[in-house]
Protein chains: 2
Amino acid sequence: MKDVADHMVLRGAPVRDRILSDVRAYVGDHPAIGTLVSIAIGDIPEVAVYIRNQKRAAEAAGIPFDEQIWPADTTPEEAKARIQAMNDDPSVLGIILQRPIPAHINVRSLQSAIHPLKDVEGMNPASIGNIVYNDVALAPCTASAAVELIRATGLTMEGLEVVMIGHSEIVGKPAAMMLMAEGATVTVCHHMTRSVAMHSRRADVVVVAVGKAHLVGADMIKPGAAVIDIGINQIDVDGETRIVGDVATGPVSQVAGWVTPVPGGVGPVTVAILMRNATVAHQRQRAAGWI
Amino acid sequence: MKDVADHMVLRGAPVRDRILSDVRAYVGDHPAIGTLVSIAIGDIPEVAVYIRNQKRAAEAAGIPFDEQIWPADTTPEEAKARIQAMNDDPSVLGIILQRPIPAHINVRSLQSAIHPLKDVEGMNPASIGNIVYNDVALAPCTASAAVELIRATGLTMEGLEVVMIGHSEIVGKPAAMMLMAEGATVTVCHHMTRSVAMHSRRADVVVVAVGKAHLVGADMIKPGAAVIDIGINQIDVDGETRIVGDVATGPVSQVAGWVTPVPGGVGPVTVAILMRNATVAHQRQRAAGWI
């Protein structure tokens with residue numbers, strides 16, 4: 001990254017490494033831990049990089065990883081039946097459903113078929129509902145990663161003014177609730193907000209999960225604030241494809257106290273949280289007498 | 001209420017009557033609708049008034065209402081087994097668990113025993129999780145009532161700046177998510193917020209659910225704003241016990257565009273929403289082939 005005030009950049013790698021090291025220790029104590037099953041349906045090129053990163057993190061953590069690719073014409077009934085069988089199979093530790101899935105299958109319905117105790121991605125409505133009840137055991141990984149990175153700044157969570165830009169079900173809303181549970185005052189902005197800048201300019205922490213390259217510029221950030229960038233956007237620069245976040249990292253790094261880079265910020269932490277969720281699932285399955 | 005600018009008071013009765021009239025019409029079309037079962041455990045005097053109001057609303061709506069009082073020494077296992085039997089009984093339309101319950105029973109655990117399709121109070125983690133997914137079919141009644149009263153002002157929900165004071169699981173958080181789903185920009189404040197007034201003073205709508213008499217004064221409200229008061233507090237005035245909300249209604253009514261009274265604001269609407277939830281539960285049970 002050119003023109004980036006490098007000492008302001010909050011990288012994901014150290015946080016990822018710390019989490020994976022904890023997971024590895026847990027797996028060392030529980031060597032019979034089951035397998036994480038990754039399900040991709042059809043040949044979806046964009047999921048390959050996610051699966052590769054998850055597989056690599058699972059290897060680093062010592063968790064068996066089973067990469068399954070189901071035919072594109074799998075029926076919703078077949079898919080549910082196979083997931084149901086995995087729910088009942090004690091050797092399956094957790095189930096990851098790679099998105100997108102083919103259009104003839106309702107993704108929410110299929111996700112709901114994954115039992116909450118095996119829902120390592122934290123996508124089941126019951127898992128999300130538990131977050132409202134301050135039980136964040138299996139929270140959506142990206143939302144958890146945002147919280148971990150805020151924690152990594154060393155800022156005190158109680159009373160922290162956080163502005164979340166984006167109100168998606170798997171990032172914005174759960175992250176907002178998790179931050180409230182830790183004592184932050186949270187405002188959730190979105191495409192209908194009259195003035196996002198009015199909110200973001202007074203925030204101690206800005207979390208962005210919209211999916212628009214360079215949406216957040218330096219004029220939207222209070223000096224010294226922390227900026228957590230969850231966006232992943234492909235843009236074309238001089239005929240070359242580049243991955244950038246929702247934040248104009250260079251200019252923002254001149255103003256902010258911390259800014260997470262894309263790539264290399266939230267992404268690595270998200271995959272590590274998936275592995276941590278797997279150990280939580282293991283504990284819960286044991287507590288429930290499943291294994 | 002003395003010193004209250006009466007034309008600014010947003011009463012619950014008309015909203016309640018409109019909702020109950022819709023429910024009555026639905027019940028007229030579905031005369032075989034099942035019974036709402038109210039469960040109180042032990043002799044808890046403070047639930048009597050809630051049960052009486054629910055019973056009255058059920059009568060007005062034409063929904064059979066069965067008031068059950070279980071012995072105070074009911075074990076958690078017995079309670080769960082009885083609720084389980086009601087889940088399986090097609091003549092039971094919905095189950096209301098009156099709180100508080102005796103301390104030897106975990107309230108969240110018992111609430112989770114109520115099947116989401118019979119959870120007319122919208123308290124099951126799965127019901128709450130569905131709100132995050134913008135599926136507000138069975139939302140917690142008080143949170144829904146707050147949304148209905150905001151709607152009754154005629155203010156446009158999209159872009160509305162709402163400040164929620166209080167981040168409880170059954171009011172603040174679900175109401176915040178329901179308002180986000182309708183396009184509002186929502187800030188959730190609570191006891192750790194550095195300056196609640198800083199937020200509330202810029203809000204188009206302030207919703208208060210804390211449980212502190214007169215917490216919100218006129219100095220915290222923007223002229224013309226709507227103030228929705230969810231608090232119910234007993235205070236002593238000259239040796240007399242009075243019920244008041246979290247808002248200093250008199251002074252606030254001099255500044256606000258709308259303020260809901262306590263009693264007579266959110267309360268009546270909440271009970272009406274419970275009846276509407278019962279009709280939603282009926283539709284869902286039919287769709288699921290249960291009845």
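Modeller: Leaving aside neighbours within four places in sequence, A:Asp246 is in contact with A:Val208, A:Ala209, A:Val210, A:Gly211, A:Lys212, A:Ala213, A:His214, A:Leu215, A:Val216, A:Asp229, A:Gly231 and A:Asn233. The model is a predicted one. A:Asp246 is buried but takes part in no salt bridge. The nearest side chain of opposite charge belongs to A:Lys212 and is 9.5 Å away, whereas a salt bridge requires a nitrogen within 4 Å of a carboxyl oxygen.

In the chain, A:Asp246 is placed in the loop that runs between strand S9 (240-244) and helix H9 (249-253) of chain A. Strand S9(A) is joined to strand S8 (residues 233-237) of chain A by five bridges, and the two run antiparallel. Within this pairing, A:Ile235 has A:Arg242 of S9(A) as its bridge partner. The two strands make a hairpin with two residues between them, and A:Asp238 in the turn has a positive phi of about 50°.

Elsewhere in chain A, three strands form an open, parallel sheet in the order S2-S1-S3. Its edges are strand S2 (65-70) and strand S3 (92-97), each of which pairs on one side only. From one strand to the next, the twist averages 20°. Strand S1 (residues 35-41) and S3(A) share five bridges in the parallel sense, and A:Ile39 stands opposite A:Leu97. Helix H2 (residues 48-61) of chain A packs on this sheet and touches S1, S2 and S3; its direction makes about 160° with that of S2(A). Helix H10 (residues 266-287) of chain A lies across S1 and S3, at about 135° to S3(A).

Over all chains, the structure holds 22 salt bridges. One of them links A:Arg151 and A:Glu148, at 3.2 Å from N to O. These two residues are three apart in helix H6 (residues 141-152) of chain A, and therefore about one helical turn separates them. A:Glu148 is buried, at a relative accessible area of 5%, while A:Arg151 is partly exposed at 39%.

Another salt bridge pairs A:Arg194 with B:Asp204, whose closest N and O atoms are 2.8 Å apart. A:Arg194 lies in the loop between strand S5 (185-189) and helix H8 (196-200) of chain A, and B:Asp204 in the loop between helix H8 (196-200) and strand S6 (205-208) of chain B, so this pair joins two chains. A:Arg194 is exposed, with a relative accessible area of 55%, whereas B:Asp204 is buried, with 11%.

In chain B, the side chains of B:Glu182 and B:Arg151 form a salt bridge at 2.4 Å, N to O. B:Glu182 lies in the loop between H7 and strand S5 (185-189) of chain B, and B:Arg151 in helix H6 (residues 141-152) of chain B, so the pair ties together parts 31 residues apart in sequence. B:Glu182 is partly exposed, with a relative accessible area of 29%, and B:Arg151 is partly exposed with 37%. In chain A, salt bridges with shared partners join A:Arg18, A:Glu148, A:Arg151, A:Glu182 and A:Arg276 into one network.

Key:
Residues numbered from 1 in each chain as written. Chains lettered and ligands numbered in written order. Predicted model: local features only at pLDDT ≥ 70, side-chain atom pairs only at ≥ 80, totals over all residues. Heavy atoms only, no water. Pairing = 2+ DSSP bridges. Helix = DSSP H or I, 4+ residues; strand = E, 2+ residues; numbered from the N terminus. Axes fitted to C-alpha atoms, helices over the stretch in contact; angles between N-to-C directions. Contact = heavy atoms within 4.5 Å. Buried < 20%, exposed > 50% of the residue type's maximum accessible area, 1.4 Å probe, protein only. Lys, Arg positive; Asp, Glu negative; His and termini not counted.
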